[in-house]
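Here are a few exercises to work through with the model open beside you. Try each task on your own before reading its solution.

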Amino acid sequence: MTTLWTRVDSPVGALLITADATGALTSVSVPGQRNGREVEASWRYEPTLFRAAEEQLDAYFAGELKDFRLPFCTAGSEFRERVWAALDDVPYGATTTYGEIAARIGAPRAAVRAVGGAIGANPLLIVRPCHRVIGANGALTGYAGGLERKVHLLTLEGCL
């Protein structure tokens with residue numbers, strides 16, 4: 001499978017964006033991200049392919065875009081895919097909790113840790129809004145891209 005890639009400047013750092021041969025996004029990551037991707041020698045640099053993603057990210061950071069409309073293709077277990085789909089339903093400017101995500105997907109309350117693991121493995125930072133998930137007590141719990149980036153994104157969206 002061919003991986004295409006580019007880097008896009010943003011207020012939270014240079015974003016590494018990857019896509020498959022069809023142009024569907026497979027990842028968006030930031031420097032120093034826990035489990036983030038690194039460019040591999042076999043990947044092909046294709047900046048023009050990502051023009052729509054770059055325009056939408058620019059509009060998002062300018063406060064002009066609330067919902068991304070980009071094709072993406074991520075691979076995860078059935079459980080992770082359900083968690084990630086629930087993230088897609090968290091609206092701009094709102095937050096939810098790990099327990100609420102578990103309830104949305106029909107998982108028992110005891111699955112909160114597994115939900116957190118799936119959220120932490122989200123390959124599409126910013127585009128799939130894992131930054132909108134907070135602790136039940138309102139605490140800004142972990143974020144694979146770093147808590148300072150989570151604060152930046154939630155502030156941008158008016159949540160903080």
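**Exercise 1.** Find how many salt bridges the structure holds.

*Solution.* The structure holds 4 salt bridges, where a salt bridge is a side-chain nitrogen of Lys or Arg within 4 Å of a carboxyl oxygen of Asp or Glu. Before going on, keep in mind that this is a predicted model, in which local features need pLDDT of at least 70 and side-chain atom pairs count only at pLDDT 80 or more, while totals for chains, interfaces and linings use all residues. Residues are numbered from 1 along each chain as its sequence is written, and side-chain values use heavy atoms, with hydrogens and water left out.

**Exercise 2.** Describe the salt bridge of Glu78 and Arg82.

*Solution.* Start with the contact: the two side chains, Glu78 and Arg82, meet at 3.1 Å, N to O. Helices here are DSSP runs (H or I, at least four residues) and strands are runs of E (at least two), numbered from the N terminus. Finally, check exposure, where buried means under 20% relative accessible area, exposed over 50%, and partly exposed in between (1.4 Å probe, protein chains only). Glu78 counts as exposed at 53%, and Arg82 as partly exposed at 30%.

**Exercise 3.** Work out which parts of the chain Asp88 and Arg128 tie together.

*Solution.* First, the side chains of Asp88 and Arg128 form a salt bridge at 3.3 Å, N to O. Asp88 belongs to helix H2 and Arg128 to the loop between helix H4 (112-120) and strand E6 (133-134), so the pair links parts 40 residues apart in sequence.

**Exercise 4.** Are Glu157 and Arg132 buried or exposed, and where do they lie?

*Solution.* Their side chains meet in a salt bridge of 2.7 Å, N to O. Glu157 lies in the segment after helix H5 (147-156) and Arg132 in the loop between H4 and E6, so parts 25 residues apart in sequence are tied together. Both Glu157 and Arg132 are buried.

**Exercise 5.** Give the strand order of the open sheet of 4 strands.

*Solution.* The order is E3-E2-E1-E4, with mixed pairing; two strands pair if DSSP finds at least two bridges between them. At the edges are strand E3 (25-29) and strand E4 (44-45), each pairing on one side only. Strands E1 (residues 4-8) and E2 (residues 15-19) run antiparallel, joined by 5 bridges. Opposite Leu16 in E2 stands Arg7.
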